[in-house]
Structures are given as structure tokens and as C-alpha cells.
Number of protein chains: 2
Amino acid sequence: DIKFEQISPSEFFYKNRDIAGFSSPSRSLYMSIRELVENALDAAEVGRILPEVYVQLTLEKDAGEESDVKIYKLRVEDDGIGVAGDYIPKAFATVLYGSKYGYRQSRGTFGLGGTMALLYGQITTNRPATVISSTGGKEIHKYQLMIDVIENKPRIISHEVLDNRNKWRGTIIEFYLEADYTGSRAKIIEYFRNTAIVNPHATITFEDSRGRLYHFPRVIEKVPEPPRESKPHPVGVDVETMSRLLAATKASNLIGFLTSAFQKVGEKTARDILELAKIPYDLNPRRLTHEQVTELVEAIKKYGKFRAPDPTPLSPIGEEFLESGIRQMLKPDFLYVVQRPPASYSGYPFVVEAAVAYGGDIPPSDSIHLFRFANKIPLLYDERADVVWKVVTERIDWTTYKVPKVAPLAVITSICSPKIPYKTVGKEAIADRPEIERELTTAIRECARHLKLYLSRIEKREAAAKR
Amino acid sequence: DIKFEQISPSEFFYKNRDIAGFSSPSRSLYMSIRELVENALDAAEVGRILPEVYVQLTLEKDAGEESDVKIYKLRVEDDGIGVAGDYIPKAFATVLYGSKYGYRQSRGTFGLGGTMALLYGQITTNRPATVISSTGGKEIHKYQLMIDVIENKPRIISHEVLDNRNKWRGTIIEFYLEADYTGSRAKIIEYFRNTAIVNPHATITFEDSRGRLYHFPRVIEKVPEPPRESKPHPVGVDVETMSRLLAATKASNLIGFLTSAFQKVGEKTARDILELAKIPYDLNPRRLTHEQVTELVEAIKKYGKFRAPDPTPLSPIGEEFLESGIRQMLKPDFLYVVQRPPASYSGYPFVVEAAVAYGGDIPPSDSIHLFRFANKIPLLYDERADVVWKVVTERIDWTTYKVPKVAPLAVITSICSPKIPYKTVGKEAIADRPEIERELTTAIRECARHLKLYLSRIEKREAAAKR
Ligand SMILES: Nc1ncnc2c1ncn2[C@@H]1O[C@H](COP(=O)(O)OP(=O)(O)OP(=O)(O)O)[C@@H](O)[C@H]1O
Ligand SMILES: Nc1ncnc2c1ncn2[C@@H]1O[C@H](COP(=O)(O)OP(=O)(O)OP(=O)(O)O)[C@@H](O)[C@H]1O
Ligand SMILES: [Mg+2]
Ligand SMILES: [Mg+2]
């Protein structure tokens, strides 16, 4: 007999937590740490604050010698902008709820990660999570929370409001989870190290359950220019988004609508589009018929003469910081870094930064050492599924740049965008959108050409030395 | 300024449709066809009906010679159990709504696929979808539907109730979408061909936009034993599921609860578990404390003496049909097929079927031709991310089975389970759960040993012929 059910999004991600990246006790510890660290860095970025992130992992209950799977307590503290009291329960105990749905670069994007970590902790230990936060005002809010998984809403176990005498601002998350630290330790340390490299203004500390302290102090005192919200670009807009923009506009005619709802659309462009769509200029935007909305979207697709999207929603690492970070990490004999100008895919601006490093501490190998970043997050899994892997193995022929079969070669890539086309909810690999693939290929080839010059000089020098 | 929003699951999958597999006009056509065909086969299976699936793709609007991206109409008709009138709008125009959330094998699992296809069609063409269905009763229901993406609910454009004079039973879906058939045609035909192979009782017809007819008539007239709902197995149950089972039980004490809520738990097992958890037998299940629920789950984890899960929720392809299907597809000189006994991971039963084929129509190659199936669905993408790829490249050393470096070798795998641990919403690769990896390795090694005998005989014969 057929029984229909509606399930909530928290129920969906609970039943299918492999899809969110929480597939094993070691991977789940990695995911929990990265989701909370990324939230902390986002919280500092929006407030133009120098980030201070402290992560502490303590052993809560040893299941016994034979198993690496134990109960841990994970605590993450930051000095970011904090969360206002009323919003804390939903922010941390509701899936698909967040503040990062706008048109601006941020590490978070789904409204899911922080809650997934707490959900994983809850279903493996049955204990509530503690969230303490203040936006720097008079109050500090302290909640004990659980998630009602069936209904996708918070269950507030306790709520205290404390006096914020010291004007503290920030967020502390503390929760328990079943985890395998032995199995994930190497990746976790690599995550911290690589995060510190591309966020040189952040101080990150990790105190692990073995009493080890990993401290990454900031190397610059200046906060990078934060990304700013901008309007959508017309390219890639579909009928659903167009219908919403039309319904929401205050403009009284279509010229006003097009120039105010989109970036890079001036009055002449608006007239050209409406002409192409055969729609009168003076129609009320809120009264367009279904067919007219479709015509408008089609005309925009045909128009093709739009200027590139506005780069203000972007905040790349920067050539200077990428270079100093790579030097510190790999101590290469050769290094070339490039930042491409902003490009766009489906109406989203993006910028590619790339570097090729050779020699120094890079171990010789017959496969390329790849370091991938997206919105200043290190991507450490699913390398073979990533568009960057496709580019460095299929689009670049390294032999033409004089690179031997076994070589101490490293490629570092960074992609920044208000919307990274991740292939999975776990944010580990990027889809091969043609525009992104093209930009990566151009950037890496430019670095490779400089590598070739370097290797030629080395070759000549060695030949001269032999004579 | 921080602005919090809650988004619906349809909004989430609209904004992130790469994650659902709808990443390009060619991939989206493939996904739309497969989601609807899998729904049709599920609908026949639950009704013990011989499936008749008719897929028709017609060109609606040519965007012009230079582009492969055009507007198509896709129509899928089946003779399955149909959908009752009241449920049609939500079944096809609401995300996370479906009838396949139980504990039984089916192709569908997320409550998302059919609606995603219609959503993709809607946002690329702005046209409603038509759904016509009858469960064989007096009425045929005909709806024109659109999806309210923000609210995740149906928008009924029209609804007619027609007289079902011919006692028709089945479902017809018709909708428009922007697609690239040229880019996806090969994969689509391969999907139909491989689906027909592992569903020999199904008649599948595909009429494409170029007027070509691909007809796969059924080769057996018997419907396979359908999978049946069973109770959850205790292994892998977490505190969330345990809490729900406790809240829902009608049992008056914990012995009654454990024996009635779970499969494979008899009275002795129940007593042993409760002893291990140090919980009295006669407690009211609905009155357990938080700590007691956790103790109960922990005790089950420690117990470890459970019998393997019940295989009634499973419906594998079967050695006989797998063999005849592979013979028809590859005409191999050598073929060995094996079906493993049921095993389990995280409390879910699963069965692995595998085959190794050699020679015949298989083209020699230095990489293995891999054919993967999950719940009788062919998986044609993301091969390198699949656990099967990991097994055939890392767990099996083919040289020890006398397979030369370049060889006409094919490996066919089928995994069936009430819950396939897919890595993505697009259902293309399976996660490397240790139990599944082990079963695949055992199955493929058994086939490989028989291949070795065959290749040794060939070797001897050739050596004898030379003398
Ligand atoms: N440390 C923090 N400081 C301030 N705000 C936070 C912090 N952590 C989470 N938040 C708020 O809670 C919201 C939800 O966080 P969550 O990680 O679940 O989703 P997200 O970061 O928006 O997206 P993603 O799923 O991609 O991580 C965030 O959007 C942010 O507004
Ligand atoms: N052709 C059909 N015949 C009968 N019922 C159908 C048909 N197609 C869809 N349904 C019903 O509509 C529901 C929703 O379908 P949908 O494809 O969105 O989700 P699903 O098949 O349950 O899961 P998945 O997202 O994994 O495909 C199904 O569970 C089924 O009950
Ligand atoms: Mg987040
Ligand atoms: Mg389906």
C-alpha cells in the first residue's frame, strides 16, 4: 500500500548525511571542525575584524583501546560579530537557515553546515550543544540547544542572558560527538595549516585531545577589503528569478526595472533588450504575462553585449599573500603567482588566482602536488572530481614546459565567487563550468611558461658547468 | 548588516541544482529522463506489473543552427500503479515528498527526482507540466502543474477529472525543457540499453526527436518477487531513531519494545541487551530518560551477536538474468556471474552481484570496462568516485589472474539495498562503506579466479597448438 510522506530538510540531511559529508566518524570530525572554523572566519570578515579562532578538542569518553572511535567534546571560539540573541536558536538548530544567501562571496552558502555538525553530535551522543554569543552589546546569550529533526526547528533546553560587562563580542560553540581523531588528524592539521596560509590576517589555534597545541599566529595586521553585496548580473538569469525581481520591483516601467534590478544595465542596454523582446518600454513590470517574462529572459540570452560583472562581491587572496604563504609552506626554488581579472559564469563574477612552485621542499613525484582553495577554504578531498584536476592533467601538457616525468612540482589554485559551483553539499570539489575551466587553464599556462624559462636557465647552467 | 532567511528545500535545490545533477543542458536532459524512467519502473514494481515504459522526445523550438541547446518536449508514459488524484500535485510539484521513505528497496529514495525534472523544465521554459494518472479506478485525473519554488508547494493551473471507461491504469508526464540532446544522446541510449538488460521483464521504448525509435522488448513474462517492507535492524540505529521508535511503540515494557520494533531480536537477545545497558526489563518504553536511551544504543553497539538482516526488502537482479543480459550485451567468450549472500551495513541489508566477462565483443583496453548498477539503475557518471572503481583498481591485482596489461576485460557489479549510500543527490557514485567494499572484493575475486582458470586453459591450448 502506498503511503505518501513529506519530510523536512533536517530529516533529509539526517537520513542522507553521507551527502552532507558526514559519512564516517573520522570524516565527520573533519567536517565539524571545518564548518565551525569557516563560520568563525565569515563572522570576522563581515565585521572587518582581525579573526581570532580557538579550537579545542578534548576526549570525553574512551570507548576502549580497540576502537579509534570515541566521544569527544569540540569547542570553537571566535571574536567575530556574534549572533543576536533571538536568532541563535534558528541559526544553529535549523537547517536551511542563514545569513549568507545574498550575492556576495562568503565561505558559507547553504545555511546548513553549522547545524549539520550539531545534528551529527546530537545523534551520536544524545547531548545538547551550548552556544554562547554576543554582538558586543549589553547582553551575552547562552543557550543549550537540540534540534527537532522531524520538524527542523530548535529545541531550547535552557536560555540565560548574562551581563556583558567586558563588552565581549564573539561566539562560542561547544558540543559532543562520536569521532575518530586518529583517522582524521592528518587532514585536520593540514586544514588548519592551509587555512592559515590563505588567511594571513587570522590567528588560529588548535588544541587537540593529546595536549598538542597547533598555533598559527597572524602575519599581517590589516583586514582585507570585505566583499560587498551587489545586484544580480543579467546573464544567466532564468524565468524564476526574473519573475521574482519583477514582482518585487518599485519601478513603474520596464526601463526603470531593468536598470534598477540588475548591475551593468544602463538605459540604452535596457531599450535594446526590450526591443529584442518586442515588449513596450512603458509596461508595468508587475503586469507582464507569462509569455512576456519568457521573451524578456530569451532576449537577455540573445543580447550578449553585457559588460563583465562587478567585482565588488569578490575578495580574492591577493598575489602578495598567496606568494608569501606558498613560500612559507613549500620554500620553493621557483614560484610564479598570477591573479586573473574578474570573469563570470551564469551571471556570477569569479576570479581565479594560480601559482606554480618548483623545487625547494616539494618532494619529487610523478603526480602533481595540488593545493586547491575556494573562497579561501582549503579543499582536501575529492581531488579527482575537481575541475582543477581536470585542467592540470588534461588541459596542460607539462612536458612542453620542460617538466620531467618525476618532478618537484606543485600547483596552487584559488577560485573566489559569490557562488562556487560545488559538486556536493560537502564542498570538496568544483564543477567544470566552461568559463571557470578556461580561466584556470589560462592562469596555469601563464605560470607554466615562466617555469619553462626557469627550467631552461637551470638546464643551460648545468650544461655550462659540465664543460 | 546581517539579514537571516529561511529557505525552503525547493529553493535550496533550485539555487544549487548542480548538486542535484542538473548542471548543464545535456546533463539535465539525461537526469530528467532517468528520474522519470526510474519512477515508472518503481511504479510497476510495487504493483507487480510487467513494466511498459514509453519515452518520447520531440523538438519544440529550435534556437538556431549554431546552438545544440533547444527547447524539447519530454513525455513519459507507464502502465504502473498510478497516483491517486489527491496526491498528484504534491507528488510531482513538491520537493521531499514521496512514497519511498520506508525500509524497502526501490530506485527512488529522496522524494526529489521527479519534481526536480519538472522544476528544471519550468525555470528554463516557464511552461506548466501535464500529469495524467489513474490507479485503474473510475477516474483519470489530469493536472497542469507548476511549482511554487519559494514555498515548495504545487500551483495547480488546471485540474480535470475524466471518466476511466477503459479501466486504464498508469501515469503520463509531459513537460518542456531546455536541453542539449546532441551532447547527451550517447549516454541516454546507453542508459536505456543497460536499464533494459537488468530489467528483462520491462518493455522500454524511446522515440527521439530525430524520429529514431529505440525499442527494448521484454525477454521474460514473469514479474520478479518485489521487495517487501521490513522492520529496522538494531545495528546502526542511533539515538534519534531509537527515541522515535520508543515514542511510537505500543509495547508496555522494554522486552516487548525491542522484540516488536526491530527485526532479528528475540526475547533472549532483548534481555541480553537490557542487561548490558543496565536497564530494568519492565520500564515503560515511553518513559526512558535521555541517559537510558543513550545506554540502550550503546549496549546495542557493544552486543555484536545479532543475526544478519532480513533479505526480504531486497530484490536483486538474479544470476540467471544477469548472465543472459551480459551475454546479450557483450557476447563474451568467458563469463562468470556470482550473487553473494545478503550482508549488512549500518543496519541495512544489501546484496552484491558481480560478473567478470572476457573476450567476445569487449574491445581490448588497458583500463577495465566497468558496468555499475545500484537497485537496477545503471550508473553512467562519476566512475572514479565509485567504490567499485576503488575495488577493481586497488583491491584486485589482475596480473595475478593472468590478465594481460591490454585485455578485453569487463566487470559488471550490482548492489541492491533499501538504502544505497550514494555520494550525491544525483545518484551516480556509491560511497566506500567498508562492508560494501568487502563484499564487492570477495565477489569480484571469486569471478577473477574462474577467469584465471579459463585464461590458463587458453594459454595451455595455444602452447600445445604451437608444438
Ligand atoms: N561563529 C559564528 N558567528 C556568527 N554567526 C554565525 C556563526 N556561526 C554561524 N553563524 C550564523 O549562523 C548561520 C548558519 O550557519 P551555518 O553554518 O549552518 O550555515 P552557513 O554558514 O550560512 O552556510 P553553510 O552551510 O554553507 O556553512 C550563518 O549564516 C551565520 O549567520
Ligand atoms: N510514474 C509514476 N507512477 C506512480 N507514482 C509516481 C510516478 N512518479 C512519481 N510517483 C510518485 O511520486 C513520488 C515522488 O517522486 P520523485 O521522483 O520526486 O521522488 P522519489 O521517486 O520518491 O525519490 P527520488 O528523488 O529518489 O526519485 C514517488 O515517491 C511516487 O510515489
Ligand atoms: Mg557555515
Ligand atoms: Mg523518483
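Trainee: How far does a backbone N or O atom of Gly111(A) lie from an oxygen atom of ligand 1?
Mentor: This is a predicted model, in which local features need pLDDT of at least 70, side-chain atom pairs count only at pLDDT 80 or more, and totals for chains, interfaces and linings use all residues; side-chain values use heavy atoms, leaving out hydrogens and water. Residues are numbered from 1 along each chain as its sequence is written, while chains are lettered from A and ligands numbered from 1 in the order in which they are written. A polar contact is a pair of N or O atoms within 3.5 Å (within protein, one must be able to donate a hydrogen and the other to accept it, and residues adjacent in sequence count only if both atoms are side-chain atoms). For Gly111(A) and ligand 1, the distance is 2.9 Å.

Trainee: Nice! What distance separates a polar side-chain atom of Lys427(A) from an oxygen atom of ligand 1?
Mentor: Let's look at side chains now. Ser99(A) places a side-chain N or O atom 2.5 Å from an oxygen atom of ligand 1. For the polar side-chain atom of Lys427(A), the distance to a ligand 1 oxygen is 2.5 Å.

Trainee: Why is the site of ligand 1 shared between chains?
Mentor: A residue is near a molecule or strand if one of its heavy atoms lies within 4 Å of it. Among the 23 residues around ligand 1, those that come nearest include Ser99(A) and Thr109(A). The site is shared because the residues surrounding ligand 1 come from chains A and B.

Trainee: How many residues of the shell around ligand 1 are charged?
Mentor: Asp, Glu, Lys and Arg count as charged; Ala, Val, Leu, Ile, Met, Phe, Trp, Tyr, Cys and Pro are nonpolar, and the others, Gly among them, are polar. The shell has eight nonpolar and eleven polar residues, and the charged ones number four.

Trainee: Moving to ligand 2, how far is an oxygen atom of it from a polar backbone atom of Gly113(B)?
Mentor: Ligand 2 lies between chains A and B. One of its oxygen atoms is 2.5 Å from a side-chain N or O atom of Ser99(B), and a polar backbone atom of Phe110(B) is 2.9 Å from a ligand 2 oxygen. For the backbone of Gly113(B), the distance is 2.6 Å.

Trainee: How much area do chain B and chain A bury between them?
Mentor: Contact means heavy atoms within 4.5 Å, and here it takes 61 residues from chain B and 60 residues from chain A. Buried area is the accessible area (1.4 Å probe) that two parts lose on being put together, summed over both. Of this area, 54% is on carbon and sulfur atoms, and the total is about 5100 Å².

Trainee: Which residue of chain B forms a salt bridge with Arg17(A)?
Mentor: A salt bridge is a side-chain nitrogen of Lys or Arg within 4 Å of a carboxyl oxygen of Asp or Glu. Between chain B and chain A there are eight salt bridges. In the one formed by Arg17(A), the closest N and O atoms are 3.5 Å apart, and the partner is Asp238(B).

Trainee: Lastly, how many residue pairs are in polar contact between chain B and chain A?
Mentor: This count takes pairs with both residues at pLDDT 80 or more. Between chain B and chain A, the number of such pairs is 29.
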